[in-house]
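Here is a friendly walk through some helix packing and a handful of individual residues. Have the viewer open and follow along.

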Amino acid sequence: MELWANFTDLLVQAIGFLTTEVGVSQGVAIILLTLIVRLLLSPLSSSAIINSYKNRKAIAAIKPELDKLKSVYKNKPNEMAKQTMALYQKHDIKFVSKTLVANISSQAIFGFGMYQVLQKVIFSSKFAWISNIAKPDILLAMLVGALTYVSMIMMPGSAEQASAMFLLIPTMVSVAVLISAPSALGLYWATSSAFTALQSVVMQKYFEKQQCNLTQTQG
């Protein structure tokens, strides 16, 4: 617990440094700190996205084999699961990798740390239309919900693989939490969601360019 306390104290000090030494408002300090940390973590998150993309491509390539397994073992679910996993291992398809675990863990630690800090730190500054970021703001909560949904559907492959309800759950959770939470937390959430959406766009462009280069090479 002492280590966690030191980590949250570091976040508080970082916000304080940005407000006192850099001279920005508390709201801008939260946004800058979020962007800095997300940029530092971007190699991990980008690597996780790339691994996910490679898995989807590999699964698409072995779809005929998967369909054959479903046909052969349709009445033997346990055997089908065993053979499917063996096929995945044969083609080096890994759904849980060290990079994925590290990415999820690091973002969860930072997110939960910011959640605790922004709930307990005393804020009093204004930001845009928000008169006091210590108080909830319904418009910001709705904006965060929209950004969360956009960041979900912008992730490469999510629109094809996930159901509409699965994509809506994080959106509804964010709005429900932020309706009664300090706007400071909403600023963090909005910034993080916007960063995720932008990163997804960049990665999608990267994948499209890679596919285009591969097509040209094969042609």
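## A residue of helix α5

Gln119 is partly exposed, with a relative accessible area of 37%. This residue belongs to helix α5. Please keep in mind that the model is predicted.

## Helix α1 against α5

Two packed helices are described by the angle between their axes and the distance between the axes. For helix α1 (residues 2–22) and helix α5 (residues 98–120), the angle is about 65 degrees and the axes are 10 Å apart. Angles of 65 to 115 degrees count as roughly perpendicular, and α1 and α5 are therefore roughly perpendicular to each other. Their crossing is right-handed.

On the α1 side, the contact is made by Trp4, Phe7, Thr8, Leu11, Val12 and Ile15. Helix α5 contributes Ile109, Phe110, Phe112, Gly113, Met114, Gln116, Val117, Leu118 and Lys120. Sorted by class, the residues in this contact of α1 with α5 are 11 nonpolar, three polar and one charged.

## Helix α2 against α5

How are α2 and α5 oriented relative to each other? They pack at an angle of about 160 degrees, with their axes 8 Å apart. Since angles over 145 degrees count as roughly antiparallel, α2 and α5 are roughly antiparallel to each other. Here α2 passes α5 in a left-handed crossing.

The α2 side of the contact consists of Ile30, Leu33, Thr34, Val37, Arg38, Leu41, Leu44, Ser45, Ser47, Ala48 and Asn51. From α5 come Thr99, Leu100, Ala102, Asn103, Ser106, Gln107, Phe110, Met114 and Leu118. By class, the contact of α2 with α5 has 11 nonpolar, eight polar and one charged residues. Phe110, Met114 and Leu118 of α5 also take part in the contact with α1.

Val37 lies in helix α2, which spans residues 26–61. With a relative accessible area of 17%, Val37 is buried. The C-alpha atoms of Val37 and Gln107 are separated by 9.2 Å, although the two residues are 70 residues apart along the chain. Both Val37 and Gln107 are listed in the contact between α2 and α5.

Ser42 has its place in helix α2 too. Is Ser42 buried or exposed? Its relative accessibility is 16%, so Ser42 counts as buried. Leaving out residues up to four places away in sequence, Ser42 touches Phe195 and Gln199.

## Helix α2 against α3

Helix α2 also packs with helix α3 (residues 63–72), at an angle of about 60 degrees and with the axes 5 Å apart. The two helices are therefore oblique to each other. Ile59, Ala60 and Ala61 of α2 make this contact with Lys63, Pro64 and Leu66 of α3. The residues of the contact of α2 with α3 divide into five nonpolar, no polar and one charged.

## Asn132 in a loop

Asn132 sits in the loop between α5 and α6 (138–154). Its relative accessible area is 17%, so Asn132 is buried. A polar atom of the Asn132 side chain lies 3.0 Å from the backbone nitrogen of Ala134.

Which residues does Asn132 contact, leaving aside its neighbours within four places in sequence? They are Phe123, Ser124, Ser125 and Ser183.

Technical notes
Residues are numbered from 1 along each chain as its sequence is written. This is a predicted model: local features need pLDDT of at least 70, side-chain atom pairs count only at pLDDT 80 or more; totals for chains, interfaces and linings use all residues. Side-chain values use heavy atoms; hydrogens and water are left out. Axes are lines fitted to C-alpha atoms, for helices over the stretch in contact, and angles run from 0 to 180 degrees between N-to-C directions. Helices (H or I, at least four residues) and strands (E, at least two) are DSSP runs, numbered from the N terminus. Angles under 35 degrees count as roughly parallel, over 145 as roughly antiparallel, 65 to 115 as roughly perpendicular and the rest as oblique. A crossing is left-handed if the near helix is turned anticlockwise from the far one by less than a right angle, and right-handed if clockwise. Contact means heavy atoms within 4.5 Å. Ala, Val, Leu, Ile, Met, Phe, Trp, Tyr, Cys and Pro count as nonpolar, Asp, Glu, Lys and Arg as charged, and the others, Gly among them, as polar. Buried means under 20% relative accessible area, exposed over 50%, partly exposed in between (1.4 Å probe, protein chains only). A polar contact is a pair of N or O atoms within 3.5 Å; within protein, one must be able to donate a hydrogen and the other to accept it, and residues adjacent in sequence count only if both atoms are side-chain atoms.
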